[in-house]
Amino acid sequence: MTIEELKRFESNKSRFEEMYQCDRNDIVPFIGAGVSKGCGFYTWNELIRRVADNYLSEDEFEALSARFDNMELVDELIALVNGNVTAVKKRIADLIINCEFHQTNVVKSLVSGFSKCLITTNYDRVLEEALALQGERAPVILPVMADQTAGALQDKRGCILKVHGTVEELSSMILAREDYVKAYG
């Protein structure tokens with residue numbers, strides 16, 4: 001979806017008009033999988049399917065996905081590798097790192113038109129690359145890693161807060177139910 005399509009969607013026109021009248025540096029974008037999908041990455045379902053290709057036939061995967069939600073399905077995949085969550089995280093990281101992607105106008109708008117602090121649930125490097133194309137850099141903050149968040153959020157230079165981790169640090173990736181419980185209670 002383009003920015004123009006987004007503006008026309010439902011009642012967004014008035015929201016955009018209001019947003020453009022305020023100080024956009026006070027708006028912190030919260031970015032999810034839809035932005036990365038638009039750049040060529042996998043949706044969460046597609047990513048789980050690609051990981052499952054290593055362990056299950058298509059019929060086995062379809063049977064499991066009919067019985068389980070995504071979180072339960074990830075836990076089932078981890079169980080298939082004898083509980084080795086790192087193996088599953090490594091496979092996800094490999095898929096994301098090796099995925100060819102492109103920057104979109106949506107991403108460019110998000111990194112240039114708002115606060116220098118960006119929040120994302122995505123593991124990929126879309127935001128880092130978009131900033132680099134503008135000659136900018138922001139530290140990546142991983143909330144699950146001790147003591148990174150508070151100081152970075154107060155830094156006026158900005159940051160990228162990756163609430164579910166990054167492919168560059170497997171231990172930061174929140175993936176399985178156990179990870180969610182540990183990170184969020």
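The side chains of arginine 125 and glutamate 129 meet in a salt bridge, with N and O 3.5 Å apart. This pair belongs to a predicted model. Arginine 125 is partly exposed, at 29% relative accessibility, and glutamate 129 is likewise classed as partly exposed, at 31%. Side chains of opposite charge can pair when their charged atoms come close.

A search of the whole structure finds eleven salt bridges.

## Two further salt bridges

Lysine 116 pairs with glutamate 136, and the closest N and O atoms of this salt bridge are 3.4 Å apart. Lysine 116 is partly exposed, with 30% relative accessibility. Glutamate 136 is partly exposed as well, with a relative accessible area of 30%.

Glutamate 178 and lysine 182 form another salt bridge, in which the closest N and O atoms are 3.9 Å apart. Both residues belong to helix H11 (residues 177-184); because they are four residues apart there, about one helical turn separates them. Glutamate 178 and lysine 182 are both exposed.

## Overall form of the chain

The protein chain has eleven helices and four strands. Its C-alpha atoms fill a box of roughly 55 × 40 × 30 Å, taken along the principal axes. Of the 185 residues in the chain, 38% are buried.

How much of the contact pattern comes from residues 24 or more positions apart? Among contacts with a separation of 6 or more, such residues account for 65%.

The four strands form an open sheet in the order S1-S2-S4-S3, and the pairing is parallel. Strand S1 (30-31) and S3 are the edge strands, each of which pairs on one side only. In general, strands of a sheet pair through backbone hydrogen bonds, either parallel or antiparallel.

S1 and S2 run parallel and are joined by two bridges. Within this pairing, isoleucine 31 has threonine 120 of S2 as its bridge partner. Helix H9 packs on the sheet, where it touches S1, S2, S3 and strand S4 (159-162). The direction of H9 makes about 170° with that of S4.

## The nonpolar cores

The largest nonpolar core has 41 residues. The residues with the most contacts inside this core are Val88, Ile92, Ile96, Val107, Leu118, Tyr123 and Leu127. Several helices give two or more residues to the core, namely H2 (12-21), H4 (44-52), H5 (58-67), H6 (70-80), H7 (85-97), H8 (105-112) and H9 (126-133). H7 gives the most, with five residues.

Isoleucine 92 illustrates how residues meet across the sequence. Leaving aside residues up to four places away in sequence, isoleucine 92 touches Leu47, Val51, Tyr123, Met173 and Leu175. There is also a second, separate core of six residues, which includes Cys117, Ile119, Ile141 and Leu161.

## Aromatic pairs

The structure holds three aromatic pairs. How are the rings of tryptophan 44 and tyrosine 123 arranged? Their centres are 6.3 Å apart and their planes stand at 65°, so the pair is edge-to-face. This pair links distant parts of the chain, since tryptophan 44 is in helix H4 and tyrosine 123 is in the loop between S2 and H9, 79 residues apart. Tryptophan 44 is partly exposed, with a relative accessible area of 29%, whereas tyrosine 123 is buried, with a value of 7%.

Tyrosine 180 and tyrosine 184 form a tilted aromatic pair, with 5.9 Å from centre to centre and 50° between the planes. Both tyrosines lie in helix H11, four residues apart, or about one turn of the helix. Tyrosine 180 is partly exposed, with a relative accessible area of 23%. Tyrosine 184 is also partly exposed, with a relative accessible area of 46%.

Key
Residues are numbered from 1 along each chain as its sequence is written. This is a predicted model: local features need pLDDT of at least 70, side-chain atom pairs count only at pLDDT 80 or more; totals for chains, interfaces and linings use all residues. Side-chain values use heavy atoms; hydrogens and water are left out. A nonpolar core is a set of buried Ala, Val, Leu, Ile, Met, Phe, Trp, Tyr and Cys residues joined through side-chain atoms within 4.5 Å. Buried means under 20% relative accessible area, exposed over 50%, partly exposed in between (1.4 Å probe, protein chains only). Contact means heavy atoms within 4.5 Å. A salt bridge is a side-chain nitrogen of Lys or Arg within 4 Å of a carboxyl oxygen of Asp or Glu. Rings of Phe, Tyr and Trp (its six-membered ring) pair if their centres lie within 6.5 Å; planes under 30 degrees apart count as stacked, over 60 as edge-to-face and the rest as tilted. Two strands pair if DSSP finds at least two bridges between them. Axes are lines fitted to C-alpha atoms, for helices over the stretch in contact, and angles run from 0 to 180 degrees between N-to-C directions.
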